[in-house]
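Please examine the sequence and the structure shown below.

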Amino acid sequence: MRNMPADAEVVSHQLLLRAGYIRRVTSGVYDYLPLGLRVLRKIEAIIREEMNRAGAQELLMPMVQPADLWEKSGRLHKYGPELCRFKDRHEHESCLGPTHEEVICDLVARELRSYKQLPMNLYQIQGKFRDEIRPRFGLMRGREFVMKDAYSFHVDDACLQREYDRMFATYQRIFTRLGLEFRAVEADNGSIGGASSHEFHVLADSGEDLIAHCSHCDYAANIEKAVAAVETVTGQAADKTVLATPNTTAAEDVADLLGVPLALVVKTMLYRQQGGDNDGQLVAVCVRGDDEVQEMKLARLLGTDAVELAADDDFASAGGVKGYIGPCGLSVAVYADQSLQGASGLVVGANRPDAHCTGVSLERDADIHQWADIRAVRDGDGCQRCHEGTMVLRRGIETGHVFALGRCYSEPMGVCFQDANGKRAVATMGCYGIGVSRLMAAIIEQRHDEHGIDWPSHLAPFQLSLITLGNKAPVMEASAKLYRALQDAGYDVLWDERRERPGVKFRDHELIGMPWQIVLSERSLERGEVEFSARRAARNPVAIDGIMSHLAVTLEG
């Protein structure tokens, strides 16, 4: 495509369309054209080699899954609208699999008998479907996508930890072989569940996720889980005093009006819980004026699916006033960030119009239900692990995730075995996913220039471009002979014999991302030469009779 696609927002989406790798079928669903499929298969091959090397076994499970399996696991209604449900002609409810924990547990529950069969790790590379509310960025967030998902089963948690560590190392090898700059970060388990997990992020400015990592040690976490060193800022101890602050609601404006540091102004936020045992209940949350609430941390603390800011008419029922709400005397549970514990001389809303309280100590003046880490980590915060480095925020594209699930699926799904003592035991479980099609986009986000895609040579759709300039019989015959010789020698070569101008051909091969070019023209043929070059490099003459030995040294040496 000569023109930039109007609906493509990120570089990978633009280049995959322009270079003829994919075409849109409908929202979030794409055809993989021949070039795209070749790259996809090369990525799959690296993943497959490393999974097999780690002792996992490949299988293939269906995309269509019976809803009763999801009912059994408890996720049928919990998973939400991303789960695409339908009924067949017999009125049996099914779904399109966004993931396969239920199906693999059903399979293993019927096959597993003895502890001697464990551990086992089974994986597949298969299409998935998630009914995203807003598909975007091409292959980065589609509705239908290709995924490698693996599931391991174990006799105990220690055995699971060994496999988790093995898969972690396997993922590091996979992303390294793909030539990516990446970070493994501690992560929230989300809708998958389980006890612990790590995400693998390809670092790119277009990434949807924000990750935090230490400048000194190896600590890294998704922003939803990242923790920084606690820094308590405290003012001068004083009695609680009510001051008029007319038409002043923002923490920054309050700090300016009263002449105090922003860190001493307490922001009190009112939230409504969504899901869980306390669905619909209101809670108040306190953080420093220079901090923000990390809502996923808060939801996890409350044991709810999500939280949303309360409506205007909720403030009166909580005992507060919008814009002037404070933690003192509220009728709802108050949660405060641990950086406020022990602080004095704070400024809080007075729960009356146009007024704030100064000289506040939350421990003395408010009923704090729980102190916890509920703030979002900021760039430059101290590291809570090594206490030497500072936190750096980067954008990342999540392309892999490993979970230590424990028994949250195997127990309700009845994945049991006879242990060494002859007793019935529940298998413990891990799962490990890689977004294969998303990886294709992530690689391009890191490897491109103004001329097109810059594939690593082992991932490009072809190793070599053979570009014929001119269409007279001698040059076409010589090109055909060289093409066959290259193929016979085992090279993966694309012959461009189109009747196009040289500039068009060169631009197309740069756009596609072909790493090496052999150019044969009427003039070079007369000299008994071809021109050879890397992408975007100067072309050098090489004797036709010597091109094979030249390739052996350049490409394989």
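Helix α10 (residues 436-446) is largely enclosed by the rest of the structure, because ten of its eleven residues are buried. Buried denotes under 20% relative accessible area, exposed over 50%, and partly exposed in between (1.4 Å probe, protein chains only). Among the buried residues of α10 are V436, R438, M440, I444 and E445. Helices (H or I, at least four residues) and strands (E, at least two) are DSSP runs, numbered from the N terminus. The model is a predicted one, in which local features need pLDDT of at least 70, side-chain atom pairs count only at pLDDT 80 or more, and totals for chains, interfaces and linings use all residues. Residues are numbered from 1 along each chain as its sequence is written, and side-chain values use heavy atoms, with hydrogens and water left out.

An open sheet is built from three strands in the order β4-β6-β5, with antiparallel pairing. Its edges are β4 (64-66) and β5 (84-87); each has a single partner strand, so one side of each is left without a neighbour in the sheet. Two strands count as paired if DSSP finds at least two bridges between them. Between β4 and β6 (residues 93-96) there are three bridges in the antiparallel sense, and V64 stands opposite L96 in β6.

Charged side chains provide the next topic. Side chains of opposite charge can pair when their charged atoms come close. The structure holds 42 salt bridges, a salt bridge being a side-chain nitrogen of Lys or Arg within 4 Å of a carboxyl oxygen of Asp or Glu. One of them joins K87 and E91 (4.0 Å, N to O), and both of these residues are exposed. Another joins R110 to D106, with the closest N and O atoms 3.0 Å apart. R110 and D106 are separated by about one helical turn, because they lie four residues apart in helix α4 (residues 101-111). A further salt bridge is formed by the side chains of R394 and E181 (3.9 Å, N to O). This pair links distant parts of the chain, 213 residues apart: R394 lies in strand β21, and E181 in the loop between α5 (157-177) and β9 (182-186).

Two loops complete the account. T390 lies in the loop between β20 (368-372) and β21 (391-406) and is partly exposed, at 35% relative accessibility. T390 and A212 are 178 residues apart in sequence and 9.7 Å apart in space, C-alpha to C-alpha. G303 is in the loop between α7 (295-302) and β16 (306-309), and G303 is exposed, with a relative accessible area of 52%.
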